Amino acid sequence: MAEVLKYSPELGALSQEYINERVSELAYCIRDLSGIQTDIWRQLPYFALQAEGLADNDHFNIRLFRQGLLTINGYPATLCGTFIDCENGNILSLQGEEDLGALASDIEVVSTWLPKGESFNANTWMNKILINAFKPYNSYTDYDEARNQKWRVDIAFGLNLRSIYSRPRNPQEA
C-alpha cells in the first residue's frame with residue numbers, strides 16, 4: 001500500500017519558492033524573446049498607420065501608431081492591460097496614462113504569455129497589419145483614398161512617425 005504523505009509547512013514553502021523561481025525563469029525567456037524582436041516591433045507603428053481605416057480594421061492600431069504600444073491583453077482605449085513597447089520590446093503592465101513606463105511583473109508576463117504566446121511573435125503582428133494594409137476599403141464607409149492618404153501623411157508628420165519607430169522625447173528630459 002502507498003504511503004500517504006503528510007503536509008508540512010516547510011514543503012509548502014519550498015514548493016512555492018520552486019514555482020516562483022520557474023516563473024521568473026520563464027518570464028526572463030519571454031522578455032528576451034520580445035527584446036530580440038525589437039527590429040520588427042519598431043516597424044509596426046508605421047505600418048499600423050498605413051492599415052488604419054481600411055477593411056475589417058477595428059482601430060486596434062490607434063494606440064500602436066500614436067504611442068508605439070501594442071495591446072497584448074487588455075483595453076487599448078483606456079491603456080489598461082499588457083502591452084509591448086515597440087520602441088524597445090519591453091513588456092509593460094499599464095493601469096492608465098500615468099504608468100507609461102511600468103514593466104510587467106514576472107507573473108503578469110507569464111500569465112499573459114501562456115494563453116497568448118503567438119501575441120509575442122512580432123512577425124505574426126506584422127503579417128496581420130500588412131494584410132489589413134492591402135485589403136480593399138470597407139464598402140460601408142465613405143472612403144476616399146486620396147483623403148485618407150493625406151490624413152496618414154498628416155498624422156505621421158504630426159507624430160514625427162517614421163518607418164522605424166522611436167518615441168519622441170521631451171527636450172527637457174535630454
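Me: What helices and strands does the protein have, and in what pattern along the sequence?

Reply: In this predicted model, the protein has seven helices and three strands, and reading along the sequence gives the pattern α-α-α-α-β-β-β-α-α-α.

Me: How much of it counts as buried?

Reply: Of the 174 residues of the protein, 36% count as buried, while the accessible surface comes to about 10900 Å², with 58% of that area belonging to carbon and sulfur atoms.

Me: Switching to helix packing, how do α3 and α6 sit relative to each other?

Reply: Helix α3 covers residues 44–51 and helix α6 covers residues 122–133, and their axes come within 8 Å and cross at roughly 25°. Angles under 35 degrees count as roughly parallel, and α3 and α6 are therefore roughly parallel to each other.

Me: Left-handed or right-handed crossing?

Reply: The crossing of α3 and α6 is left-handed.

Me: Which residues make the contact?

Reply: From α3 the contact is made by Leu44, Phe47, Ala48, Gln50 and Ala51, and from α6 by Ala122, Trp125, Met126, Ile129, Leu130, Asn132 and Ala133.

Me: How many of those are nonpolar, polar or charged?

Reply: By class, the contact of α3 with α6 has 10 nonpolar residues and two polar ones, with no charged residues.

Note on methods. Residues numbered from 1 in each chain as written. Predicted model: local features only at pLDDT ≥ 70, side-chain atom pairs only at ≥ 80, totals over all residues. Heavy atoms only, no water. Helix = DSSP H or I, 4+ residues; strand = E, 2+ residues; numbered from the N terminus. Buried < 20%, exposed > 50% of the residue type's maximum accessible area, 1.4 Å probe, protein only. Areas by Shrake-Rupley, 256 points an atom, 1.4 Å probe, with all protein chains shown as cover. Axes fitted to C-alpha atoms, helices over the stretch in contact; angles between N-to-C directions. Parallel < 35°, antiparallel > 145°, perpendicular 65-115°, else oblique. Left-handed = near helix turned anticlockwise from the far one by under 90°. Contact = heavy atoms within 4.5 Å. Nonpolar A, V, L, I, M, F, W, Y, C, P; charged D, E, K, R; others polar.
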